[in-house]
Amino acid sequence: MSTRIAFLKGHGTENDFVIIPDPENVIDLPPAAVAALCDRRAGIGGDGLLHVVRSAAHPEARAMAAEAEWFMDYRNGDGSVAEMCGNGVRVFAHYLQRAGHVAEDDIAVATRGGVKTVHIAKEGDITVGMGKALLPEGDVTVSVGDRSWPARNVNMGNPHAVAFVEDLDHAGDLYTAPPFSPASAYPDGVNVEFVVDRGLRHVALRVHERGSGETRSCGTGACAVAVATARRDGADPAVTGAPATYTVDVPGGRLVITERPDGEIEMTGPAVIVAEGEIDAGWLETATP
């Protein structure tokens, strides 16, 4: 490993990430190293880490290399591996454009949740094709303290439990993962969204992200919320034949989610790079037990 490692810091609706460019996949990033980098006091700080690798250079992405040159090797803030991150994809695409790897227009990004199509507008927001939602059957309940709510099980390449509440304060501090039942519904844990109505096809959420705690935004969570709300509202596009678009307010900003009659979901929102620099590899080695 070289003595210095390049990094950038970015966010999408304040869901923030450490970005490590590593096209040939030569930087070793074990879970403890990722957790050290994402530590907000002793590291750079972030909800997660975006490891930027060419698909052909990563064993988990080689099969997707013909469709997508770049692989988003996404890690949660605790170092665990995650399937997808909607805000992360926008920031990832913004980095690729900034670095000169891609131009404006449509690009493909490989993720553990499959290949995602991203539209980079000349100016303004970035739109990500998030694929289709899966709606596993079975009742799910989430709880905070002595309150509990039924939740909609939605899978966006990663698992979500969407609960409609009267007040977002009912979600509590979200320092720890809200309990859910049955345990068999989410054997690997779950992202939990608490949702309130703000107006016609307009909702707001708070979220506990698996492996990260409460975050300022969750892109796949916003998609899961839009899908769950459309079903609650009787606005399933597959039934009505019309797209369903919801504005989803998150603590860090606003996302617009559209589900089409064919089930494909698009998410539109901002992406920002705020800093870049170098990590001292010696520090990283000492910070990693």
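## Secondary structure and overall shape

The protein chain holds 5 helices and 18 strands, where helices (H or I, at least four residues) and strands (E, at least two) are DSSP runs numbered from the N terminus. The model is predicted, so local features need pLDDT of at least 70, side-chain atom pairs count only at pLDDT 80 or more, and totals for chains, interfaces and linings use all residues. Residues are numbered from 1 along each chain as its sequence is written, and side-chain values use heavy atoms, with hydrogens and water left out.

The C-alpha trace spans about 55 × 40 × 30 Å along its principal axes. Buried residues make up 52% of the 289 (buried is under 20% relative accessible area, exposed over 50%, partly exposed in between; 1.4 Å probe, protein chains only).

## Glu 104

Glu 104 sits in the loop between helix 2 (86–98) and strand 5 (105–111). Its relative accessible area is 40%, so Glu 104 counts as partly exposed.

## Gly 234

The loop between helix 3 (219–232) and helix 4 (237–240) contains Gly 234. Gly 234 counts as exposed because its relative accessibility is 58%. Glu 193 is 41 residues from Gly 234 along the chain, and their C-alpha atoms are 20 Å apart.
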